[in-house]
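Hi,

Here is the model I said I would pass on. Have a look at it first, and my notes follow below.

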Amino acid sequence: MLSNRQIFLQSLAQTSDGPLALEIEYAKGVEMYTTDHRRILDLISGISVSNLGHSHPEIVAAVQDQAAKHMHLMVYGEIIQSPQTRLADLLTSLLPSSLNNVYLVNSGSEAVEGALKIAKKFTNRTEIVAFDKAYHGSTHGALSVMGCGTFRNAYLPLLPGISHIDFNEISALTHITEKTAAVIIEPVQAEAGVHIPSPGYLQALRQRCSETGALLIFDEIQTGMGRTGSMFNFEQSGVVPDILLLAKALGAGMPLGAFISSTEIMQVIMNNPALGHITTFGGHPVCCAAACAGIEILTRDAIVEQVEDKGALFQSLLSKSPLFKEIRRTGLLMACEMESPEKVQQLIKYCLEHGLLLDWFLFDSESIRIAPPLIISDEEIEEACSIILQQC
Ligand code: PMP
């Protein structure tokens, strides 16, 4: 009989020849337990997903309750389902009044696809401006705006009319013109290795978009839901996008994404043709029930308010090590830059052997990624850092 590991390697499509291939039996809070009973502290949250940790009892209860009431009923947008309406109400109550209309999808990439479509139709323009080292997903539209030629060139032809400009470079904003339908940007570039724009940059970008009539899309798929120390990162700059994208932590462990805009912009998908953007499972009621519980817990337990202090504790402990050349951090999203990709891989391997899961970044192999569940305790932070520092 084949082992799970053999079936995983033979019968599940692989995305690289070096999968992590950990076999997890169960996970709770910040801890994951392997089938051979090893405890592993999760410092990456399934890539910024498990903000409330694993198997939060209230999320589990919300999922179970909704599954027992009803699961899928009908494609998105036809039937009134209370988990969806509650979620839209919760989200819009947290957002500025210009972001008052929510379209629910299944993933981050789908949120990107929906946003690009409404921007093109609303502005009646076709050009899109994106950024070098941006990551927005793997579907064709999302790949087209990805800021890395190696990934894009393997799948040509992609969407036409897309230009990539330097992130955080004010002089490059002149590439945004009256022909630009939308500018899509991560307000903090995550997969680039946590690149935080200089003060004033996002304001200048907003101004250029407003002057030219281009819609500004903020991809907060990785930075949203408290990760950077505010529920949404844009609250920190005060720059309000025309379209906001959420996914990852939105579903509190369940697959869910959203593109959010004003009713005026969103209504372009209602007609000419009607049903211009539809999805079977988008806004699945069980996922929305989990998302509602997640937002309620994040707010009720003041979890977001503690993120900055926890991030600062990580940074103060890790900055003691001479092996980190630079630490870039916003809230609990952190990149610790080392001398070389080899050093990064050595550290990741060492930590995993000692019960700590770390990662690197898609476009920055010289930095380790630290993005733990936001509920991580100070003791767990100290434990994690002591393992990292032992190796250093
Ligand atoms: N945008 C950003 C900023 C992301 O980090 C990701 C996923 N890493 C995506 C979009 C795509 O999301 P998904 O994998 O759910 O399609």
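Let me start with a loop: proline 19 sits in the one between α1 (4-11) and β1 (24-28), where helices (H or I, at least four residues) and strands (E, at least two) are DSSP runs numbered from the N terminus. Proline 19 is partly exposed, at 29% relative accessible area; buried means under 20%, exposed over 50%, and partly exposed in between (1.4 Å probe, protein chains only). Leaving out residues up to four places away in sequence, proline 19 touches Phe8, Leu9 and Gln14, with contact meaning heavy atoms within 4.5 Å. From the C-alpha of proline 19 to that of arginine 208 it is 42 Å, and the two are 189 residues apart along the chain.

Before you go further, note that this is a predicted model: local features need pLDDT of at least 70 and side-chain atom pairs count only at pLDDT 80 or more, while totals for chains, interfaces and linings use all residues. Residues are numbered from 1 along each chain as its sequence is written, and side-chain values use heavy atoms, with hydrogens and water left out.

Now the ligand. Which residues surround the ligand? They are Ser107, Gly108, Ser109, Tyr135, His136, Gly137, Glu186, Asp219, Ile221, Gln222 and Lys248, taking a residue as near if one of its heavy atoms lies within 4 Å. By class that shell has two nonpolar, six polar and three charged residues. Here Ala, Val, Leu, Ile, Met, Phe, Trp, Tyr, Cys and Pro count as nonpolar, Asp, Glu, Lys and Arg as charged, and the others, Gly among them, as polar.

- Aspartate 219: a polar side-chain atom is 2.6 Å from a ligand nitrogen.
- Glutamine 222: a side-chain N or O atom is 2.6 Å from a ligand oxygen.
- Lysine 248: a polar side-chain atom is 3.0 Å from a ligand nitrogen.

On its own the ligand has 400 Å² of accessible area, and the protein covers 82% of that (Shrake-Rupley, 1.4 Å probe; for residues, only the protein chains shown count as cover).

On to the packing. The largest nonpolar core has 110 residues, and Leu245, Phe314, Leu318, Ile368, Ile370 and Ile388 have the most contacts inside it. Such a core is a set of buried Ala, Val, Leu, Ile, Met, Phe, Trp, Tyr and Cys residues joined through side-chain atoms within 4.5 Å. Helix α11 (residues 285-300) gives this core its largest share, ten residues. Another core, of seven residues, lies apart from it and includes Ala190, Val194, Leu333 and Ala371.

Asparagine 233 is in the loop between β8 (215-219) and α9 (234-237). Is asparagine 233 buried or exposed? Buried, with a relative accessible area of 5%.

Last, some backbone points to check. Leucine 156 and proline 157 are joined by a cis peptide bond, omega about 0 degrees. The bond from asparagine 272 to proline 273 is also cis, with omega near -5 degrees. Lysine 133 has a positive phi, near 65 degrees, and is partly exposed at 38%.

Cheers

Definitions and conventions. Polar contact = N/O pair within 3.5 Å; in protein donor to acceptor, adjacent residues only side chain to side chain.
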